[in-house]
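I am opening a notebook on a structure that is new to me. The entries below follow the order in which I looked things up.

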Amino acid sequence: MMYLYAKEQGFAPLIADVEINAKRAQIREEQNCEVADLNISQGVVSFAYKPKSFPLAVNKAYQDADKFVSLTED
């Protein structure tokens, strides 16, 4: 049922996209998420990440349903 609702609402399949330039210590792009508290120290990059959507878990039930409803293709 949720599949049909999401499809009719035109939800985008993108979960999130983040691009960080570590050399310049800057967040270059953030789509469908929020990135904050970028910290680069001694070759380690860390940041806070808050998605605006969540991925669909691919488990046995998902794989069985995908045979009948094109979840993966859509």
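Which residue in β2 does Glu-19 stand opposite? I looked along the strand pair and found Glu-29 there. I note that the model I am reading is a predicted one.

Entry on the strands. I looked up how β1 and β2 are paired. Strand β1 covers residues 17-21 and strand β2 covers residues 26-31. The two run antiparallel, and five bridges join them. I also checked Ile-20, and in β2 it stands opposite Ile-27.

Entry on the turn. I followed the chain from β1 into β2 and found a hairpin, with four residues between the strands. Ala-25 lies in the turn, and I noted its positive phi of about 50°.

Entry on salt bridges. How many salt bridges does a search of the whole structure find? I recorded three.

I then looked up how accessible the two partners are. Arg-28 has 52% relative accessibility, so I list it as exposed, the cut-off being over 50%. Glu-19 has a relative accessible area of 35%, and I list it as partly exposed.

Entry on Asp-64. I searched for its partners and found Lys-60, with the closest N and O atoms 3.0 Å apart in a salt bridge. Where do Asp-64 and Lys-60 sit relative to each other in helix α2? I counted them as four residues apart in that helix, which covers residues 60-66, so about one helical turn separates them.

I also found a salt bridge between the side chains of Asp-64 and Lys-67, at 3.8 Å from N to O. I wrote down that Lys-60, Asp-64 and Lys-67 are linked in a network of salt bridges.

Is Lys-67 buried or exposed? I found a relative accessible area of 63%, and Lys-67 is exposed. Lys-60 is exposed too, with a value of 56%. For Asp-64 I read 30%, and I list it as partly exposed.

Key
Residues numbered from 1 in each chain as written. Predicted model: local features only at pLDDT ≥ 70, side-chain atom pairs only at ≥ 80, totals over all residues. Heavy atoms only, no water. Salt bridge = Lys/Arg side-chain N within 4 Å of Asp/Glu carboxyl O. Buried < 20%, exposed > 50% of the residue type's maximum accessible area, 1.4 Å probe, protein only. Pairing = 2+ DSSP bridges.
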